[in-house]
Amino acid sequence: MSTSPQASNNKLHRILLTGAAGGLGKVLRERLRPFAEILRLSDIAAIAPSEGPHEEVVPCDLSDKAAVHALVEGCDAIVHLGGVSVERPFEEILEANIKGVFNVYEAARRHGVKRVVFASSNHVIGFHKQSDRLDASAQRRPDGYYGLSKSFGEDVAQFYFDRYGIETVSIRIGSSFPEPLNRRMMSTWLSYRDLTSLIEKSIFTPDVKHTIVYGMSANRDVWWDNSAASHLGFVPQDTSEVFRDKVEAQPPVAPTDPNAIYQGGAFTAQGPFGDK
Ligand code: NAI
Ligand code: 15L
């Protein structure tokens, strides 16, 4: 029996979007609209009020188990973006990302949600050198507490598939911003259009089990190989090349700078926190 969500013309009844007040959440609030009759928008931060019957705003702290269970009830798929999105002290990551992702999957299990799109990150493999070429089976080398939490999230996704048949696409997002901000992002950039397409494929492709895919546009010099995720049919349309002149007008990066060495760039050198 298929464990895929019941879709017709790539539209579900209700999709939950966590992290809806964040940078990508605001973008996806608009762009996921065609794919659900109702988008349930959630965040711990304030969200602009619902703009009509196609939206529901449900504030929630992801570390609050009971609140997350109420949040997930009645949803057909979850796009899980919520959490701390940069390197921070472990205690902050623990609450929002580690307890948060566990609460989301437990709620999915209890309420029968069969598809999750998990916003993982390139920081799961951030300590690989930029000269390395990685596919989905590459050794994970998290570059901080944040990367560790995303690595944990991918393990949770695999466990909930193996044990309960809940399918996930874990998208190891590179750098999703309006444009690449530095030389490293010439390789890691993911346009908003390509992000949206990848999320659509991640929600509606049948039988994904737990798929890991690198979230990158069709950039010239890439470090990642998505052949293990070809069943998603994701074909990026954009490329960082159009920004090359602008990015290369920036001052050069020293060869000893982590931004020039590691795939995770500056994240590899942040922390520890709290030392005197
Ligand atoms: P963001 O930081 O703008 O948004 C994250 C949202 O999660 C925020 O609105 C925040 O209030 C919310 N949040 C934090 N703690 C929470 C909690 N305890 N309960 C509920 N909500 C909480 O990040 P952005 O850029 O929008 O990224 C979205 C997701 O994609 C994140 O999971 C991030 O780790 C991931 N990602 C993003 C990348 C990018 O280039 N933008 C790259 C790789 C991964
Ligand atoms: C991430 O995981 C962060 O959420 C985002 O803010 C960027 O820093 C991105 O990685 C990146 O590596 O560029």
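Asn219 is in contact (heavy atoms within 4.5 Å) with Met186, Ser187, Thr188, Trp189, Thr239 and Ser240, leaving aside its neighbours within four places in sequence. The structure is a predicted model, in which local features need pLDDT of at least 70 and side-chain atom pairs count only at pLDDT 80 or more, while totals for chains, interfaces and linings use all residues. Residues are numbered from 1 along each chain as its sequence is written, and side-chain values use heavy atoms, with hydrogens and water left out.

Asn219 sits in the loop between strand 7 (210–215) and helix 7 (244–248). Helices (H or I, at least four residues) and strands (E, at least two) are DSSP runs, numbered from the N terminus. Asn219 counts as buried because its relative accessibility is 7%. Buried means under 20% relative accessible area, exposed means over 50%, and partly exposed lies in between (1.4 Å probe, protein chains only). A polar atom of the Asn219 side chain lies 2.9 Å from the backbone oxygen of Trp189.

Ile15 belongs to strand 1 (residues 12–18). Its relative accessibility is 0%, so Ile15 counts as buried. Ile15 and Val116 are 101 residues apart in sequence. Their C-alpha atoms are 9.8 Å apart in space.

Salt bridges were searched for next. Side chains of opposite charge can pair when their charged atoms come close. A salt bridge is a side-chain nitrogen of Lys or Arg within 4 Å of a carboxyl oxygen of Asp or Glu. The whole structure has 20 salt bridges.

One of them joins Arg109 to Glu106, with the closest N and O atoms 2.9 Å apart. Both residues lie in helix 3 (residues 90–111). Arg109 and Glu106 are 3 residues apart, about one turn of the helix. Arg109 counts as partly exposed because its relative accessibility is 33%. Glu106 has a relative accessible area of 11% and is therefore buried.

Lys246 forms a salt bridge with Glu179. The closest N and O atoms of Lys246 and Glu179 are 2.5 Å apart. This pair links distant parts of the chain, 67 residues apart. Lys246 is in helix 7, and Glu179 is in the loop between strand 6 (167–173) and helix 5 (185–188). Lys246 is exposed, with a relative accessible area of 54%. Glu179 is partly exposed, at 23%.

Arg244 forms a salt bridge with Asp221, the closest N and O atoms being 3.6 Å apart. Arg244 lies in helix 7 and Asp221 in the loop between strand 7 and helix 7, so the pair ties together parts that are 23 residues apart in sequence. Arg244 counts as buried at 12% relative accessibility, whereas Asp221 counts as partly exposed at 37%. Arg244 and Asp221 also belong to a network of salt bridges that links Arg220, Asp221, Glu241, Arg244 and Glu248.

On a 1 Å grid over the protein atoms alone, a cavity is a set of points where a 1.4 Å probe fits but cannot get out, and lining residues have an atom within 4 Å of a point. Grid points are joined across faces, edges and corners, and a volume is the space filled by probe spheres set on the points. The whole structure has 2 cavities of 30 Å³ or more.

The largest cavity has a volume of about 50 Å³. Its lining consists of His80, Gly82, Gly83, Asn97, Val101, Phe118, Ala119, Ser149 and Lys150. By class, the lining has 3 nonpolar, 5 polar and 1 charged residues. Ala, Val, Leu, Ile, Met, Phe, Trp, Tyr, Cys and Pro count as nonpolar, Asp, Glu, Lys and Arg as charged, and the others, Gly among them, as polar.

The second largest cavity has a volume of about 40 Å³. Val79, Leu81, Val117, Phe118, Ala119, Ile171, Ile173, Leu195 and Ile199 line the second largest cavity. Strand 5, strand 6 and helix 6 (192–204) each supply at least two residues of this lining. Strand 5 gives the most, with 3 residues. The lining divides into 9 nonpolar, no polar and no charged residues.

Methods. Chains are lettered from A and ligands numbered from 1 in the order in which they are written. A polar contact is a pair of N or O atoms within 3.5 Å; within protein, one must be able to donate a hydrogen and the other to accept it, and residues adjacent in sequence count only if both atoms are side-chain atoms. On a 1 Å grid over the protein atoms alone, a cavity is a set of points where a 1.4 Å probe fits but cannot get out, and a pocket is an open set with protein on both sides within 12 Å along at least five of seven lines; lining residues have an atom within 4 Å of a point.
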